[in-house]
Amino acid sequence: MPKILVIHGPNLNLLGTREVNIYGDITISEINKELKKMAKKRKVDIETIQSNHEGEIVDIIGKANSKKVDAILINPAAYTHTSVAIRDAVSACGVPVVEAHLSNIYAREEFRHTSLVAPVAKGQICGFGLMSYILGFEAAINLIGK
Ligand code: DQA
């Protein structure tokens with residue numbers, strides 16, 4: 001079965017209690033549960049990880065190809081706006097990458113309007129809460145031709 005790797009970046013472990021006015025009250029385990037249900041229906045393997053560490057995320061993206069990952073769905077969270085290292089990893093990894101955000105980053109503070117990852121991703125979805133992940137997962141499934 002094709003495999004999709006879902007990467008949640010920094011502070012997303014706090015979803016549910018973190019700035020609920022922006023991110024809603026959904027938790028990361030609820031998001032993962034929805035994606036796992038979808039993966040089962042669509043007959044794809046899914047692996048989910050969360051990390052608060054830039055270098056760890058770089059390592060995981062860099063190993064994706066050799067671990068036979070077919071597509072990556074990533075919410076790089078704050079690193080979206082700062083990390084040349086994650087951007088370079090995405091660009092180099094040889095696996096199609098979809099970027100997702102719960103909030104509409106373009107409707108927020110100006111420093112969130114720039115994504116360093118978006119130009120090297122296949123595409124970006126933001127502003128739809130849980131639905132950003134579901135649409136992003138759908139896009140990833142589509143990219144692997146399932
Ligand atoms: C986020 C948006 C980022 O700007 C922010 O730093 C996050 C979450 C989102 O999902 O809306 O941590 O990626």
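Reader: Contact means heavy atoms within 4.5 Å. Which residues is Phe137 in contact with, leaving aside its neighbours within four places in sequence?

Author: They are Ile4, Val6, Leu35, Met38, Ala39, Val44, Ile46 and Leu73. This is a predicted model, where local features need pLDDT of at least 70 and side-chain atom pairs count only at pLDDT 80 or more, while totals for chains, interfaces and linings use all residues. Residues are numbered from 1 along each chain as its sequence is written, and side-chain values use heavy atoms, with hydrogens and water left out.

Reader: Which residues touch the most other members of the largest nonpolar core?

Author: Phe137 is one of them, along with Ile4, Ile31, Leu35, Leu73, Leu102 and Tyr133. That core has 22 residues. A nonpolar core is a set of buried Ala, Val, Leu, Ile, Met, Phe, Trp, Tyr and Cys residues joined through side-chain atoms within 4.5 Å. Buried means under 20% relative accessible area, exposed over 50%, and partly exposed in between, using a 1.4 Å probe and protein chains only.

Reader: Which elements give two or more residues to it?

Author: S1, H2, S3, S4 and H5. The labels are DSSP runs numbered from the N terminus: helices (H or I) have at least four residues, strands (E) at least two. A second, separate core of 18 residues includes Ile49, Ile61, Tyr79 and Ala121. In soluble globular proteins, nonpolar side chains tend to be buried together.

Reader: Switching to H2. Which of its residues are buried?

Author: Ile28, Ile31, Asn32, Leu35, Met38 and Ala39. Seen down the axis of H2, these fall within an arc of 125°, so they line one face of the helix. The arc is that of the directions from the helix axis to the C-beta atoms. Lys33, Lys40 and Lys41, on the other side of H2, are exposed.

Reader: What does the buried side pack against?

Author: The buried residues of H2 pack against strands S1 (3-8), S2 (45-50) and S3 (71-75), and against helix H5 (130-143).

Reader: What is the order of the strands in the sheet?

Author: S2-S1-S3-S4-S5, in an open sheet with parallel pairing. Two strands pair if DSSP finds at least two bridges between them. S2 and S5 (123-126) are the edge strands, each pairing on one side only. From one strand to the next, the twist averages 20°.

Reader: How many bridges join S1 to S2?

Author: Six. Lys3 stands opposite Asp45 in S2. S1 and S3 pair over five bridges, with Val6 partnered by Leu73 and Ile7 opposite Ile74.

Reader: Why is S1 described as largely enclosed by the rest of the structure?

Author: Because five of the six residues of S1 are buried.

Reader: Back to H5. Which strands does H5 lie across?

Author: S1, S2, S3, S4 (97-101) and S5, running at about 175° to S4. Axes are lines fitted to C-alpha atoms, for helices over the stretch in contact, and angles run from 0 to 180 degrees between N-to-C directions. The buried residues of H5 are Ser132, Tyr133, Gly136, Phe137, Ala140 and Ile141.

Reader: What span should the 14 residues of H5 have?

Author: 20 Å, at 1.5 Å a residue, and the end C-alpha atoms of H5 are 20 Å apart, which agrees. The expected span is 1.5 Å times one less than the number of residues. Just after H5, Gly145 takes a positive phi of about 75°.
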